[in-house]
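Work through the exercises below with the model open beside you. Try each task before you read its solution.

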Amino acid sequence: MITETLYEDDNHKFLYIGKDTDRPEYIIDTNQYLVVHDKVGCVLDPGGIEMFSAVSSSLAGEIRMSDVKYFFCSHQDPDVNSSLALWISITDAKVIIDRIWSTFITHYGVQPSNMIMIEDNGMKFNMTKDYSFEIIPAHYLHSPGHLNLYDPISKILFSGDIGAGLMPKEDLKTKKGRNIFVNNFNDHIKYMEWFHQRFMGSMEAKKAWIERVSKLDIETIAPQHGLIFKGKDMVNNFLNWFDSLKVGLYSK
Ligand SMILES: [Fe+2]
Ligand SMILES: [Fe+2]
């Protein structure tokens, strides 16, 4: 498991946790993230139940479990949050998720009293008294209740399944070791193309999302799978590519 700091200052940190090359090939590779502000932690897409021990031991080196106050779930999929069943037994954290999934994630044992249900338009969420992040609607890309998180301090957009790259284990390694960033955008398209064509349901939803996020000052797009788009040029490469891609029924 790689742990890498994407941003850090005196009281704010955005951390990457992922690329577990010990996982079996039949489990999709997932990226987990941790945002910490003034010692209050929020885990973004905590991952599947199979990843719990690897993710929790990586997190334990970074934050006390009692300081994890929130789990932000981009959507309902098992690779995003089936580990909640275990997390809720060791933390008192609240689960932030789109309202339409609130009666589904109860199947992971999360009680409604432990959820913060987000309405369709998203919101500004006050994580501490002087820090808030933006919850951005990304519905139908692919989930009908899909949320992104924008951190205005690091200028990182956590994009859930948007920007996901499906990469075989051997392609995660470079000569210098395991890599978490996209280096050559054109080479990276082959990992993203089928997933976006097949999973993203609507050209209209895609257009609305691109218009919405284009108004943000984004330095990094951090997806739940694959490599991270770092730097404004790489962010624009992704937005332009996604804009021109035919998805859903239109991809036929
Ligand atoms: Fe998904
Ligand atoms: Fe996913």
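The exercises cover the metal sites and a pocket.

This is a predicted model, in which local features need pLDDT of at least 70, side-chain atom pairs count only at pLDDT 80 or more, and totals for chains, interfaces and linings use all residues. Residues are numbered from 1 along each chain, chains are lettered from A and ligands numbered from 1 in the order written, and side-chain values use heavy atoms, without hydrogens and water.

**Exercise 1.** Find the residues that coordinate the iron ion (ligand 1), and classify the site.

Step 1. Look for donors: N, O and S atoms within 2.8 Å of the metal (3.2 Å for Na, K and Ca); water is not among the atoms, so sites may look incomplete.

Step 2. The donors are H75 (NE2), D77 (OD), H142 (NE2) and D161 (OD), at 2.0 to 2.2 Å. Along the chain they follow H-x1-D-x64-H-x18-D.

Step 3. Check the angles. Four donors count as tetrahedral if all angles lie between 85 and 135 degrees; four count as square planar and six as octahedral if opposite donors are over 155 degrees apart and all others between 65 and 115; anything else is irregular. Here the angles run from 86 to 174 degrees, and the site is irregular.

Step 4. D77 lies in the loop between β5 (68-72) and α2 (78-81), and H142 in the loop between β9 (131-137) and β10 (147-151), so the pair ties together parts 65 residues apart in sequence. Helices (H or I, at least four residues) and strands (E, at least two) are DSSP runs, numbered from the N terminus.

**Exercise 2.** Which residues coordinate the iron ion (ligand 2), and which residue bridges it to the iron ion (ligand 1)?

Step 1. D79 (OD), D161 (OD), Q224 (OE1) and H225 (NE2) coordinate the iron ion (ligand 2), at 2.1 to 2.4 Å.

Step 2. D161 is the bridge, and the two iron ions lie 3.4 Å apart. D79 in helix α2 and D161 in the loop between β11 (156-158) and β12 (173-174) are 82 residues apart.

**Exercise 3.** Are D79 and D161 buried or exposed?

Step 1. Buried means under 20% relative accessible area, exposed over 50%, partly exposed in between (1.4 Å probe, protein chains only).

Step 2. D79 has 15%, so D79 is buried. D161 has 2%, so D161 is buried.

**Exercise 4.** Which helix gives the most to the lining of the largest pocket?

Step 1. Helix α4 (residues 185-199) gives the most, with four residues.
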